Amino acid sequence: MEQNHHKEVYDQEDEILLKHALLFLFNSKWIILGITSLITSISIVYVMSITPIYEAVVSVYPPSSLSVSKINNARFKHPDILPTLAEDFSKEDIYEMVLYKLFSNSFKEKVFTSNNYLNNENGNSSTLDFVKKVKNKGISDNKTTTFLFMGKNPLIMSNFLNDLTRVALFDTLQDIKVMEQKKIDSRLSYLKTELSIEKRNIKEIRSEKIKQLQKELKIAVSLKNKEFNFSQINQISGNTLKSDPSQTKAVPIWYMYGEQALRQELDKLTSDKTVNNSRIDTLESQKAELTSVDFSDFSDIEVAGVHRSEVPKGPISPKKRLIVIVMFSISLIISIFIAYLVRILREK
């Protein structure tokens, strides 16, 4: 019975306190309402004055096996013509080339200026400050790399990220072409040098033969050795008056061939302007094949996959509704506290 009595007393006291609290809030409603409205209004004005910040995102992932295969198949591979120890490109090789550009601030500046973003950007920040806002969000398990851009103009941010990835993919493909072309140009330079040396050697050998035959001709003329019909005379056109060494020692050329045969051979040598042999034919063939290399097969090959950036639908900050709600709650607590202080001061 005594416990029930105490419980009833406590319930009555709680009801009295609740009535007093409600009565206090009712009597202080204008103070509470005024202060709460004032602080909440100030917070709303402040929130509306804050410039919204947007976030644009673009994702890049490694190229497909088909794309890598196309690149490797389009390369010039002929070990006899272009000896090289270079291995085929892998997914990782090509993907790293793309990411290197996307991480480079100088590359971002190039895209920024070449696509006329300098005139579209309304801020006073420099080009470098603008491109530094592009951050790397990280690489996921499937090696997808995400780049985000936080700023005030969602359309410019989204377009810039798309242009950045587009140019990075295009330039990477061009870099691969340049690398291959440099190998070909280096080999062409070597072939041209070899051809020049070979042709010069042929001319020098011919010149030496002409000088030698002219000396032999003078001897034949002076000794009136017109013609001597040895069987070797039939070999003149084939070996250019080169006899067997043993024969040359035994029988002089002027005596073995005579004036008439020597004049005929000299006429052939001086009138024949061709500079050719089997080695030159081979070098010329290799040169022609290298100069005909066409890298058109590299066109439209995707060196990386891209999830294009979409224009942000809304800002990521400030959280206007959350700020207003928080400020309303704080202002309500402050207004109740001020109302309580006012009541205490009045009672004194």
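A pocket here is an open set of grid points with protein on both sides within 12 Å along at least five of seven lines, and its lining residues have an atom within 4 Å of a point. Keep in mind that this is a predicted model.

**The largest pocket**

- The largest pocket comes in at a volume of about 270 Å³.
- Its lining is made up of 15 residues, and Arg166, Leu169, Phe170, Ile301 and Glu302 lie nearest the centre.
- Helix α8, spanning residues 154-222, gives the most to that lining, with eight residues.
- Sorted by class, the lining has six nonpolar, four polar and five charged residues.

**Aromatic pairs**

- The model has six aromatic pairs.
- Take Phe112 and Phe160: the ring centres sit 6.2 Å apart with the planes at 70°, so this pair is edge-to-face.
- Phe112 belongs to helix α5 (residues 105-114) and Phe160 to helix α8, so the pair ties together parts 48 residues apart in sequence.
- Phe112 counts as buried because its relative accessibility is 2%, and Phe160 counts as buried at 0%.
- Phe160 also forms an edge-to-face pair with Phe130, at 5.5 Å centre to centre and 75° between the planes.
- That pair links distant parts of the chain, 30 residues apart: Phe130 is in helix α7 (residues 127-131) and Phe160 in helix α8.
- Phe130, at 3% relative accessibility, counts as buried.

**The ring cluster**

- Ring pairs link Phe112, Phe130, Phe149 and Phe160 into a cluster.

How values were computed
Residues are numbered from 1 along each chain as its sequence is written. This is a predicted model: local features need pLDDT of at least 70, side-chain atom pairs count only at pLDDT 80 or more; totals for chains, interfaces and linings use all residues. Side-chain values use heavy atoms; hydrogens and water are left out. On a 1 Å grid over the protein atoms alone, a cavity is a set of points where a 1.4 Å probe fits but cannot get out, and a pocket is an open set with protein on both sides within 12 Å along at least five of seven lines; lining residues have an atom within 4 Å of a point. Grid points are joined across faces, edges and corners, and a volume is the space filled by probe spheres set on the points. Helices (H or I, at least four residues) and strands (E, at least two) are DSSP runs, numbered from the N terminus. Ala, Val, Leu, Ile, Met, Phe, Trp, Tyr, Cys and Pro count as nonpolar, Asp, Glu, Lys and Arg as charged, and the others, Gly among them, as polar. Rings of Phe, Tyr and Trp (its six-membered ring) pair if their centres lie within 6.5 Å; planes under 30 degrees apart count as stacked, over 60 as edge-to-face and the rest as tilted. Buried means under 20% relative accessible area, exposed over 50%, partly exposed in between (1.4 Å probe, protein chains only).
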